[in-house]
Amino acid sequence: MTATKKNGKEKTGRDKTGTDKTGRNKAEAARELRLVKEAKIQDLIGDSAGTRLEASGVLYRDGAFLIVCDNLPSLIRVSSELSPKAPENGVLSHKQTKKKPASEANEGFEDLAHDAARDHYYTLSEAEPVKPKGFRARVQEYDAKLRPIGSAHLDFDIADANKGMEGLEWVDRSGTGHLLALCEGNWCAGGKKGRTPGGGRIQVFRRDGKRWSNTATIRLPKSLPFEDYSGVSVRDGRIAVLSQASSALWVGRIDTKKWEVDEGTVHRLPTDGKGRTVYGNPEGVSWVSADHVVIVSDRAKKGAANERFRAKDQSIHLFLIPGNSD
């Protein structure tokens, strides 16, 4: 049945050109992620981790979601059903084997990754001062029971402490494990250059004794319109990269032999009825299945300009990626 028309517009909300009431055409609407379910993290775990939950990274593992916050030293686990009654919901506090030196002190983490072959976990600290000057990101390693094994800096200099590494992923390449660290700013820079789209970079690291040596750089497409980058996840040859400032997810294919990616597709996070951004603080992403991703949102900043984002902040969201199941 065809939709009836009035004054040149269909009752579906689209005009003859295929544009809907928010001004998006059919192609743009088709590239919008579809929300499956979401919940405030505090509603799932109560006050066990406090009331300030600056979610920054997420990992899907064994039917549950592991979450890190950049203001908490512990991990949070919630059921993939996002049910407040799930017995696996809670805070995972790990015991330190010894007191950390001041240079390694860290309140929270930006992201986490998992090495399935050894069942080891890795967390990422964005940037720490190093001698004689500058900054480097730090990676902490844990065993299967989240007992700390050690930590080391990633061998990559960061000029701006506020624009360091934001995403972490583990990739096995011909039997050798590699860590992929996503730079927050374009060209791994801060300031105006870092906000200028077209220079998305992922640094590749391989273990070299106690060090993590920088062995390659993955260049994201120049056409990618992102102002920043906040999360990365790889699954079955596909890669997803999240942007907080652009409130969007890029999905492409990755060749780990050449450390290259294709042009991929950009998917906007859902907007309101006026086409305005409502997911203003997406910080971490993880593949759940071939066509589903989970995203966590940071705490919205204070101010009237961010009021629209509060309904979605400090939350976990499950999204369907339309047409991405191949």
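**Exercise 1. How many aromatic pairs does the structure hold, and how are the rings of Trp-170 and Trp-212 placed?**

Solution. This is a predicted model, in which local features need pLDDT of at least 70, side-chain atom pairs count only at pLDDT 80 or more, and totals for chains, interfaces and linings use all residues. Residues are numbered from 1 along each chain as its sequence is written, and side-chain values use heavy atoms, with hydrogens and water left out.

Step 1: rings of Phe, Tyr and Trp (its six-membered ring) pair if their centres lie within 6.5 Å, and planes under 30 degrees apart count as stacked, over 60 as edge-to-face and the rest as tilted. The structure holds 6 aromatic pairs.

Step 2: the ring centres of Trp-170 and Trp-212 are 6.3 Å apart and their planes stand at 90°, so this pair is edge-to-face. The two residues come from distant parts of the chain, with Trp-170 in strand β12 (residues 165–173) and Trp-212 in strand β15 (residues 211–219), 42 residues apart; strands here are DSSP runs (E, at least two residues), numbered from the N terminus.

Step 3: Trp-170 and Trp-212 are both buried, where buried means under 20% relative accessible area, with a 1.4 Å probe and protein chains only. Ring pairs also link Tyr-122 with Trp-170 and Trp-212 into a cluster.

**Exercise 2. Describe the aromatic pair of Tyr-279 and Phe-319 and place its residues in the chain.**

Solution. Step 1: with 5.5 Å centre to centre and 70° between the planes, the pair of Tyr-279 and Phe-319 is edge-to-face.

Step 2: Tyr-279 lies in the loop between β20 (265–268) and β21 (282–289), whereas Phe-319 belongs to strand β23 (residues 315–320), so the pair ties together parts that are 40 residues apart in sequence. Both Tyr-279 and Phe-319 are buried.

**Exercise 3. Why is strand β13 largely enclosed by the rest of the structure, and which strands pair with β13?**

Solution. Step 1: strand β13 (residues 176–183) is largely enclosed because 7 of its 8 residues are buried.

Step 2: two strands pair if DSSP finds at least two bridges between them. β12 and β13 pair in the antiparallel sense over 8 bridges, and Asp-172 stands opposite Gly-177 in β13. The hairpin of β12 and β13 has 2 residues between the strands, and in this hairpin Ser-174 takes a positive phi near 55°.

Step 3: β13 also pairs in the antiparallel sense with strand β14 (residues 201–208), over 5 bridges, and here His-178 stands opposite Arg-206 in β14.

Methods:
Helices (H or I, at least four residues) and strands (E, at least two) are DSSP runs, numbered from the N terminus. Buried means under 20% relative accessible area, exposed over 50%, partly exposed in between (1.4 Å probe, protein chains only).
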